[in-house]
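Subject: Structure for you to look at

Hello,

Here is the structure I said I would pass on. Please open it and keep it beside this message as you read.

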Amino acid sequence: MASVLALETSCDESAAAIVRERGGVFDVLASRIASQVEEHARWGGVVPEIASRRHVEALPTLISSVLDETGLTIGQLDAVAATVTPGLAGALMVASVTGRSLAALHQRPFLAVHHLEGHLASVRLVDGAPPPPYLVLLVSGGHTELIHAESSGAMTRLGRSHDDAAGEAFDKVARLLGLGYPGGPAIQKLAAGGDPCRFNLPKGRISKRGGGFHPYDFSFSGLKTAMLRLVEKLKTDSERLPLEDLAASFEQVVAEVLVERTLRCALDYSVSHIVLVGGVAANARLRQLMQQQAQSNGLTVSIAPLEYCTDNAAMIGVAALQKLSIGQRISSLEIGVSPRWPLERCNALYETAPPF
Ligand code: KG4
Ligand code: ZN
């Protein structure tokens, strides 16, 4: 049995959690998130400087809350963990410095976690989710990737977006439609009352050099442009934009393209289990379509619990506990933060000489 205090401040959510592992089962003992969404919404996206300042203000209270809620002290925990990459450098610094200071002060090991490893680990919070091998569709505001997890440590990226991430496409199209930030939830709400078949939108493809297309890669920039043209045309044709139908048609085509390419990849690689994680995995249409299509192809699906799809610290705690359970070396207190770092090289975060 082991438990960890985990911190997350890579973008616009400040979060702290205490997670416990017992016999391979993970329990979230407490999880708190302070969202800055309303503040950033005024600017139509995340303002890095504001994000860092708000993290500094919010994190100490969140840490006190999760400790109070569980009645534990940091000295009773097995480790302190924090996200150190990828994300906004100034924002990442808040959890990283706080986590390392607490670890040093209470003489606990420190684990520097890769944010995407956290998203991948979020599926362990589903009751009875089987361990790898599986194919992960990771869809967030910054990433759209198909990752073949052969075992807990071995991961190969088989597909990715060549331009916008799926969440970014939701956010940009929401802005185009005059909806709030973040765009995903706003589009989902509007789409519920719309016709998903009204507009025929493109499923972006990436050409291969020798001809044909990359079967597991994505492109959302063409779809974004198609939406822009469609909105401009509709504005000249009528006074009121059919916002519900536009949102529903956009959401439908994104869900279809994500599901089709994931299934194709799973079938080609003979992987029978699919895992769906990341902020966009909160999308109801995507969750439903993935379940339906996988089932009719004889595949099983595990989807991260709704509350752990968007950024949170519980998933960072699970990733850290997984590292502890396999006897992974702990991270150096000298480690800094990095806006980018490949997921395939996340084990470098636990080396004696830190990579950044
Ligand atoms: O994982 P996340 O919280 O942060 C990153 O690591 O990027 O993902 C945030 C993204 C945003 O782009 C947001 O619009 C999208 O996830 N999102 C959704 C939904 N909820 C959040 N997209 C579609 N439908 C949703 N219900
Ligand atoms: Zn995230």
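This is a predicted model: local features need pLDDT of at least 70, side-chain atom pairs count only at pLDDT 80 or more; totals for chains, interfaces and linings use all residues.

The largest pocket

The largest pocket has a volume of about 1200 Å³. Its lining is made up of 44 residues, and those nearest the centre are Cys 11, Ser 140, Gly 141, Gly 142 and Asp 311. Of the elements, α5 contributes the most, with six residues. Sorted by class, the lining of the largest pocket has 16 nonpolar, 17 polar and eleven charged residues. Domain 1 (2-121 + 309-350) and domain 2 (132-303) each provide at least three residues of the lining of this pocket.

The second largest pocket

For the second largest pocket the volume is about 400 Å³. There are 21 residues in its lining, and Arg 124, Pro 132, Tyr 134, Ser 152 and Gln 322 lie nearest the centre. At least two lining residues come from each of α4, β6 (134-139) and α10 (314-325). Here α10 gives the most, with four residues. By class, the lining of the second largest pocket has eleven nonpolar, six polar and four charged residues.

The cavity

A pocket is open, whereas a cavity is a space from which the probe cannot get out. The count comes to one cavity of 30 Å³ or more, and the volume of the largest cavity is about 40 Å³. Among the residues that line it are Pro 202, Lys 203, Gly 204, Phe 218, Phe 220 and Leu 223. The lining also includes Val 253, Val 254, Val 257 and Arg 261. The largest share of this lining, four residues, comes from α8. By class, the lining of the largest cavity divides into seven nonpolar, two polar and two charged residues.

Helix α8

Helix α8 covers residues 243-268, which is 26 residues. From its first C-alpha to its last it reaches 38 Å, close to the 38 Å expected at 1.5 Å a residue. Is α8 mostly covered or mostly exposed? It is mostly covered, with 19 of its 26 residues buried. Just after α8, Ser 270 takes a positive phi of about 50°.

The cysteines

How many disulfides does the structure hold? The number is zero. The test for a disulfide is a pair of cysteine sulfur atoms within 2.5 Å, and two of the cysteines show how it works out.

Take Cys 309: the closest cysteine sulfur, in Cys 11, is 16 Å from its own sulfur, so the two are too far apart for a bond.

Regards

Conventions. Residues are numbered from 1 along each chain as its sequence is written. Chains are lettered from A and ligands numbered from 1 in the order in which they are written. Side-chain values use heavy atoms; hydrogens and water are left out. The expected span of a helix is 1.5 Å times one less than its number of residues. Buried means under 20% relative accessible area, exposed over 50%, partly exposed in between (1.4 Å probe, protein chains only). On a 1 Å grid over the protein atoms alone, a cavity is a set of points where a 1.4 Å probe fits but cannot get out, and a pocket is an open set with protein on both sides within 12 Å along at least five of seven lines; lining residues have an atom within 4 Å of a point. Grid points are joined across faces, edges and corners, and a volume is the space filled by probe spheres set on the points. Ala, Val, Leu, Ile, Met, Phe, Trp, Tyr, Cys and Pro count as nonpolar, Asp, Glu, Lys and Arg as charged, and the others, Gly among them, as polar. Domain bounds come from an automatic or database domain assignment.
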